[in-house]
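Open the model in your viewer and keep the selection tool handy. We will go stop by stop.

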Amino acid sequence: MRKFKFNLEKILQLRKFREEECKLALGQAVSLLNKIENDIKLTALKRHNAASQRFNNPQEMFLWDNFVLRLDQEGERLAQKAAQAEIVVEEKRALYLEAQKNLKVFEKLKEKKQTEYRREYLNYEMNQVDELTSSRYNSLV
């Protein structure tokens, strides 16, 4: 009997490739989101450090006010960017889950076909052994 061959192997390989692409895209989106969240934390830390400073002349106070205002605006901009990145992450996660599900369908189909092939192969072997023993018995009688 010939070796097991899955007829849909190329499609299975394409599904694996697609699943890997989606996994990488999800990883990149999560990485971008983490970077934005780290930038938000850094901006908040800068704002906290700036709030603890004391100034003696009005010029320094004016610069400090502008700096804090800019940090607040930067924090808001980063929060909006994080919200957009979160949406992208959810989209990529949904695509990854769909690709993973499609891959599992073909993997289970391959496994089922392989099990069926093994069963047929064992039956074939048993029939061959039976024929061999029958022919030996018949030749002795």
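Which residues does glutamate 19 touch, not counting residues up to four places away in sequence? Select glutamate 19 and you will find Tyr96, Ala99, Gln100 and Leu103 in contact with it (contact means heavy atoms within 4.5 Å).

Before moving on, note that this is a predicted model, where local features need pLDDT of at least 70, side-chain atom pairs count only at pLDDT 80 or more, and totals for chains, interfaces and linings use all residues. Residues are numbered from 1 along each chain as its sequence is written, and side-chain values use heavy atoms, with hydrogens and water left out.

Now show helix 1, residues 9-51, where glutamate 19 lies (helices are DSSP runs of H or I, at least four residues, numbered from the N terminus). Glutamate 19 is buried (under 20% relative accessible area, with exposed over 50% and partly exposed in between, using a 1.4 Å probe and protein chains only). Glutamate 19 has no salt bridge (a side-chain nitrogen of Lys or Arg within 4 Å of a carboxyl oxygen of Asp or Glu); lysine 23, the nearest side chain of opposite charge, is 5.6 Å away. Other buried residues of helix 1 include Leu12, Cys22 and Leu26.

Next, select lysine 35 and aspartate 39, also in helix 1 and 4 residues apart. Their side chains form a salt bridge at 3.1 Å, N to O. Lysine 35 counts as partly exposed because its relative accessibility is 48%.

Finally, go to helix 2, residues 58-140. Arginine 77 and glutamate 74 sit there, about one turn apart, and their closest N and O atoms are 2.6 Å apart in a salt bridge.

How values were computed:
Helices (H or I, at least four residues) and strands (E, at least two) are DSSP runs, numbered from the N terminus. Lys and Arg count as positive and Asp and Glu as negative; His and the chain ends are not counted.
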